[in-house]
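Colleague: Thank you for joining the call. Could you bring up the model so that we can go through it?

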Amino acid sequence: MTADQSARPWLDPDRSTTERVELLLAQMTLAEKVGQTHQVANIHPDDDAAQLAGGRIGSSLFASGATGGNERDEGVLAANIDAAQRHAVEASRLGIPVLFGRDVIHGHRTVCPIPLGLAASFDVGLVEEVAAVAAAEAVVDGVAWTFAPMVDLSEEPRWGRVAESLGETPVLSGRLAAAMVKGFQGDDPSDPDHIAACAKHFAGYGLSAGGRDYDTVSVGENTLRNLHLRPFKAAVDAGVATIMAAFNDVDGTPMHAHRHLLRDVLKGEWGFDGVVVADWNGIGQLVHQGVAADLREAALLAIEAGVDLDMCSGSYAAHLAELVESGEVDEALVDGAVRRLLTLKFRLGLFDRPYVGEPIRSNAPTDASRATALRAAHAAHVLVSNNGILPLAPGAGTVHLTGPYAEAAEELFGTWTLDGRGEDVVAPATAFRARLGGEQLLVSDGRFSDRSVQQVRNADVTVAVVGEHPWRSGEANSVTDIGLPAGQLEHLRQLSRIGKPLVVVVYTGRPLELGDVLDLADAVLVVWHPGVEAGNALADIVFGDVAPHGRLPMTFPRTTGHIPTSTHQRPTGRLIELHEEGRQGRYLDDQVFPRLPFGYGLTYTSFEYGELRTVGGTELSGAGEVVVEIDVTNTGDRAGREVVQLSFRDPVAQVTRPLVELVDWAFLDLAPGEKGTASFTVRADQFAYFGTDNTTRVDAGEIVLVAGPDALHGSRLSLRVNP
Ligand code: NOJ
């Protein structure tokens with residue numbers, strides 16, 4: 001043991017984490033404890049030196065370029081973090097390191113598709129790999145903690161934040177959330193290439209009224225438990241280190257004051273032992289939400305509810321000590337929060353290795369990170385219509401690439417990127433040029449539609465890249481109309497009127513109203529925002545080197561007026577099947593079906609499904625398993641991947657259950673003419689739900705399984721459950 005370790009025994013790495021935490025906690029003054037619960041934004045090594053040395057700052061969000069230079073220049077972020085860290089570790093009484101967090105959402109420097117695009121892959125391994133690549137780049141910049149994955153179930157396309165989500169259904173979102181947690185944190189978050197993850201925003205944020213960001217949420221606990229809490233539970237089960245509270249209220253109680261959901265359910269019932277972090281000024285907003293008179297009362301409500309770390313409201317720093325001293329807050333609550341925060345710092349190895357030091361490597365995209373980004377971008381391409389024009393045949397003639405994103409760079413990152421750089425992006429035009437050369441490619445800026453329309457006549461096929469600018473989705477970017485941005489549909493109409501083949505590529509952060517586009521185009525690809533490899537991925541798909549295999553992770557409604565239209569609609573007295581048309585109470589002026597269902601996506605071949613069958617009976621008894629299978633044949637002349645989806649319906653339960661809910665899926669990669677079998681093992685607990693008393697139950701009775709290419713179509717089979 002070193003001299004320092006005998007003076008400060010919590011520095012001894014041979015002791016257990018619990019022991020180290022308790023040894024340290026026992027030494028801390030109330031002010032030092034409160035310091036640990038205080039997170040500041042953009043820490044400044046000089047301006048914040050005294051606070052750091054006094055142990056008054058526990059964590060920092062982002063970082064500034066205070067040591068000089070541009071934050072985006074290599075090494076600047078890390079040097080700044082180290083300079084601040086030195087004050088905390090070397091000049092403070094107890095030497096507790098600061099926890100540096102930053103939003104690393106879909107790639108750090110190597111930007112990958114937005115989370116909704118990653119979800120379109122349905123690929124757990126790929127999503128884990130993307131998170132692992134991001135973590136390994138982020139540590140170079142001194143980042144120890146990211147605020148991802150976002151696992152708010154998204155069934156409201158007006159809400160801009162669906163771009164950050166992993167889709168609308170609990171099993172997909174939950175499995176991908178767990179994969180991201182694993183990718184960010186590895187087996188051990190103290191491993192030098194890993195960081196702590198944060199599942200956010202707990203809970204119900206995806207139901208914000210009217211799709212307006214930060215708005216109120218009216219939802220009962222039963223719906224929360226049966227749908228919206230499940231991806232969080234999956235993240236907790238995967239060992240997520242932290243959970244962020246949501247800005248919204250749930251049925252009148254803002255989440256930063258929601259003792260029942262945070263303390264009773266998350267920390268109590270689920271046994272979550274990590275850190276609950278506030279969202280940005282989320283504690284302060286309790287005042288605006290009208291449940292606290294001032295910051296002091298807000299701090300009291302939040303610590304009682306179980307918020308451990310105050311992101312940037314300053315309310316804990318200003319009032320917690322005084323609330324304890326006045327007897328209004330039990331110091332044990334503060335101790336509980338600090339215990340969790342210190343445990344995380346030990347878990348991350350921050351006490352043992354507080355500094356980044358000399359950058360271990362550059363974090364610029366490498367061949368390997370680009371290869372991951374390219375595979376992820378391929379998987380984000382969802383082909384939603386094709387009359388056979390795609391893939392473009394070799395010698396298809398002259399291609400006209402047009403639209404506002406033909407030469408785009410950073411715009412193809414999508415929302416929430418702090419560290420990606422425009423110069424790293426391969427634009428669609430660059431990739432098409434590399435493939436076709438100058439002779440066979442015409443590029444026109446779609447913003448000048450006359451020129452663009454003229455060029456249609458000079459080419460054999462037009463590829464129009466349209467859709468949303470990243471600032472039209474993401475936080476605070478909600479819309480009242482999910483149509484294409486102004487002018488784009490008119491432009492596409494002009495392009496199509498000439499009568500030459502038209503391929504439309506839609507970059508977007510949300511489901512859009514695509515009916516007219518589907519009607520006028522020969523093929524439509526929904527690509528989300530794909531990241532640094534945008535152009536290469538598009539060229540690979542359009543020219544057929546790679547067959548599209550992404551699937552829609554959210555339902556595409558017919559119009560804005562159809563929202564919400566997720567798969568989780570529940571039976572009413574007058575609507576008992578998702579497929580039913582003409583039932584009373586539906587809209588008079590339009591069909592009820594979504595325009596494109598959840599799970600939908602085509603590829604360059606076709607598949608024929610057999611009937612769903614069971615291997616070994618239809619009785620699901622106790623903990624037993626049943627294997628169900630379905631044959632799928634590639635009936636086209638190209639190889640292709642089919643994403644076979646298994647959904648279920650529980651026809652009789654204590655509470656209304658979704659008309660259809662995804663329970664599992666399988667990839668089948670089939671050569672032309674090849675027949676494959678998708679096989680699923682099901683257990684009764686996969687059909688468990690929360691009943692009228694909000695406890696989990698499995699009922700005796702029928703479960704209807706549906707296997708098919710999307711949420712609306714498939715072959716059915718009934719199982720009998722005997723729990
Ligand atoms: C507010 C956002 O709601 C949250 O998702 C994000 O992680 C924090 N700001 C920190 O940037």
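Colleague: By class, what does the lining of the largest pocket have?

Modeller: The lining of the largest pocket has 11 nonpolar, 4 polar and 10 charged residues. Here Ala, Val, Leu, Ile, Met, Phe, Trp, Tyr, Cys and Pro count as nonpolar, Asp, Glu, Lys and Arg as charged, and the others, Gly among them, as polar. Please note that this is a predicted model, in which local features need pLDDT of at least 70 and side-chain atom pairs count only at pLDDT 80 or more, while totals for chains, interfaces and linings use all residues. Residues are numbered from 1 along each chain as its sequence is written, and side-chain values use heavy atoms, with hydrogens and water left out.

Colleague: What volume does the largest pocket have?

Modeller: Its volume is about 710 Å³. There are 25 lining residues, and Val 171, Arg 230, Lys 233, Asp 237 and Asp 685 are the closest to the centre of the pocket. On a 1 Å grid over the protein atoms alone, a pocket is an open set of points with protein on both sides within 12 Å along at least five of seven lines, a cavity is a set where a 1.4 Å probe fits but cannot get out, and lining residues have an atom within 4 Å of a point. Grid points are joined across faces, edges and corners, and a volume is the space filled by probe spheres set on the points.

Colleague: Which elements each supply at least two residues of that lining?

Modeller: They are the helices α8 (170–185), α9 (221–228) and α10 (230–237), together with the strands β22 (661–670) and β24 (689–690). Helices (H or I, at least four residues) and strands (E, at least two) are DSSP runs, numbered from the N terminus.

Colleague: And which residues lie nearest the centre of the second largest pocket?

Modeller: Glu 155, Pro 564, Thr 565, Ser 566 and Gln 569 do, out of 31 lining residues. That pocket has a volume of about 600 Å³, and its lining divides into 12 nonpolar, 12 polar and 7 charged residues.

Colleague: How much space lies in the second largest cavity?

Modeller: About 80 Å³. Of its 13 lining residues, Glu 71, Arg 72, Asp 141, Asp 419 and Arg 421 are the closest to the centre. The lining comprises 2 nonpolar, 3 polar and 8 charged residues.

Colleague: Now the helices. At what angle do α16 and α21 pack?

Modeller: Helix α16 (residues 367–380) and helix α21 (residues 534–542) pack at about 50°, with their axes 9 Å apart. Axes are lines fitted to C-alpha atoms, for helices over the stretch in contact, and angles run from 0 to 180 degrees between N-to-C directions. The two helices are therefore oblique to each other; angles under 35 degrees count as roughly parallel, over 145 as roughly antiparallel, 65 to 115 as roughly perpendicular and the rest as oblique.

Colleague: Is the crossing of α16 and α21 left-handed or right-handed?

Modeller: The crossing is right-handed. A crossing is right-handed if the near helix is turned clockwise from the far one by less than a right angle, and left-handed if anticlockwise.

Colleague: How do α7 and α8 compare in the model; how far apart do their axes come?

Modeller: The axes of helix α7 (residues 124–138) and α8 come within 7 Å and cross at roughly 35°, and this crossing is right-handed.
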